[in-house]
Amino acid sequence: MDARPRPVVEREAPDVPDVLIAGAGPAGCATALALRRAGVSVVLVERQAVRGETACGGSAMPRIESATPDVPVLLARLGFEGFDALAALGGAMPYECALSVHDGAPVMRRFADRGCRPGWLVDRARLDAALRAAAIQAGATLIDASAIDGLQRAGDRWRASVSPVRSGTSASTSPAAPAASDATSLSSASPVGVTAASPGPRSLHPRLLIDATGRRAALAAHLLGVPRHRLDRQVALQRRIPVPSAWSAAQRHSVLVEGDPAGWWSTVPGPRDIVLSWMVQAPDAADCRRPDAWGKAWSATWSARHWLTADAPRDETIHVTSAESACLSRAAGPGWLAIGDALMSLDPLSSSGLSGALRDAVEACDQVVLPWLSRSSGSSDPRDGWTEAQAWATRADRFWRRFLTERASARRSLMPMGAG
């Protein structure tokens with residue numbers, strides 16, 4: 001399985017899949033891959049229109065994500081063997097150094113000096129497209145441009161209403177269904193073809209629901225009524241900057257993080273451009289995103305004086321994206337669980353979201369979903385699967401507590417924990 005174009009093979013969504021996954025990003029597609037390897041029938045529902053998408057980049061703001069060295073290993077474990085091909089197409093490149101700057105004092109840390117393999121800088125548009133194609137080739141069905149807008153428990157299955165999402169609008173959500181019982185509280189490259197079932201109103205009857213909708217947690221928070229607790233209101237203000245012609249090879253393969261009074265800056269190189277991000281709290285974003293405020297804050301940094309040249313931004317627009325830390329109050333309940341950023345979205349300074357999403361997929365399949373499906377076959381007891389739900393919530397609670405500890409340490413040193 002690789003990242004090259006695939007033929008389009010239409011597949012109609014089964015009415016009674018074993019598992020319905022909301023969200024076809026890395027967490028959702030990786031879970032689908034893991035489940036298909038076990039012979040489980042899977043339907044993915046993705047609100048974005050991905051039919052015929054390409055992984056050639058060119059978006060106004062490329063999403064370049066730093067990833068830990070274990071990402072290719074985790075992908076291979078899921079049966080995705082296209083990471084090398086993805087890298088050859090410009091969708092991923094290694095980075096060898098992480099530079100942190102605190103009070104104007106830079107500290108360079110090389111992975112090799114610590115016996116670590118290089119990390120990866122991944123073009124998420126390319127990776128996401130390749131993972132969707134791989135999930136479909138493995139036998140999963142993808143319904144794109146659609147969203148789950150109604151849920152009802154019916155015996156040992158759910159009745160899920162899936163409707164198209166009109167372009168430029170948000171998917172509607174019905175009033176929250178009765179929440180499932182609490183498990184435990186949380187204290188220019190070649191295009192990549194993607195197959196998709198034709199979107200349209202339909203009713204699906206899965207045995208198990210998985211929320212992989214990212215930071216929105218659309219299934220758990222909006223349809224099941226599970227509270228989502230927000231730790232901060234951090235946003236990323238981002239611009240594209242051309243890679244300086246005078247940059248050395250070491251700079252080209254390094255990630256830089258620098259603190260400032262309002263938050264912190266990061267420079268992440270991509271295949272053609274650098275994504276320059278200023279992480280600030282939402283109440284300050286309106287002022288900080290003004291070009292004069294941005295320029296004044298950026299010019300005062302060590303990065304502007306010593307790391308990047310004065311090249312004009314390729315895109316003068318300042319793009320705003322969420323970078324908050326938040327978690328659901330419940331990780332799972334009878335008949336459902338949440339994974340990836342839907343379960344907990346973490347500060348990018350102190351986490352590796354891509355690695356976490358892939359690990360969630362592997363462990364959710366092995367430790368929760370497969371045992372759950374085998375135990376609850378034919379059962380209408382709403383508490384069936386309780387043991388697996390408790391185990392998943394306990395795991396989530398452990399990760400969240402560790403994140404809080406490591407987040408404080410990372411902010412003190414301004415060293416991305418995900419780097420090696």
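A salt bridge is a side-chain nitrogen of Lys or Arg within 4 Å of a carboxyl oxygen of Asp or Glu. By that criterion, arginine 395 forms a salt bridge with glutamate 363, with the closest N and O atoms 2.6 Å apart. The model is predicted, and local features need pLDDT of at least 70, side-chain atom pairs count only at pLDDT 80 or more, while totals for chains, interfaces and linings use all residues. Residues are numbered from 1 along each chain as its sequence is written, and side-chain values use heavy atoms, with hydrogens and water left out.

- Arginine 395 is buried at 5% relative accessibility, and aspartate 360 is buried at 8%; buried means under 20% relative accessible area, exposed over 50%, and partly exposed in between (1.4 Å probe, protein chains only).

**Other salt bridges**

- The structure holds 14 salt bridges in total.
- One of them joins arginine 230 to glutamate 324, with the closest N and O atoms 3.8 Å apart.
- This pair links distant parts of the chain, 94 residues apart: arginine 230 is in strand β13 (residues 228-230), and glutamate 324 is in the loop between β18 (315-322) and β19 (326-328).
- Arginine 230 is exposed, at 52% relative accessibility, whereas glutamate 324 is buried, with a relative accessible area of 14%.

- Strand β9 (residues 146-154) pairs with strand β10 (residues 157-164) in the antiparallel sense over eight bridges; two strands pair if DSSP finds at least two bridges between them.
- Serine 146 stands opposite proline 164 in β10.
- Two residues lie between the strands of this hairpin, and glycine 155 takes a positive phi near 65 degrees.
- In a regular strand the side chains alternate between the two faces of the sheet.

How values were computed:
Helix = DSSP H or I, 4+ residues; strand = E, 2+ residues; numbered from the N terminus.
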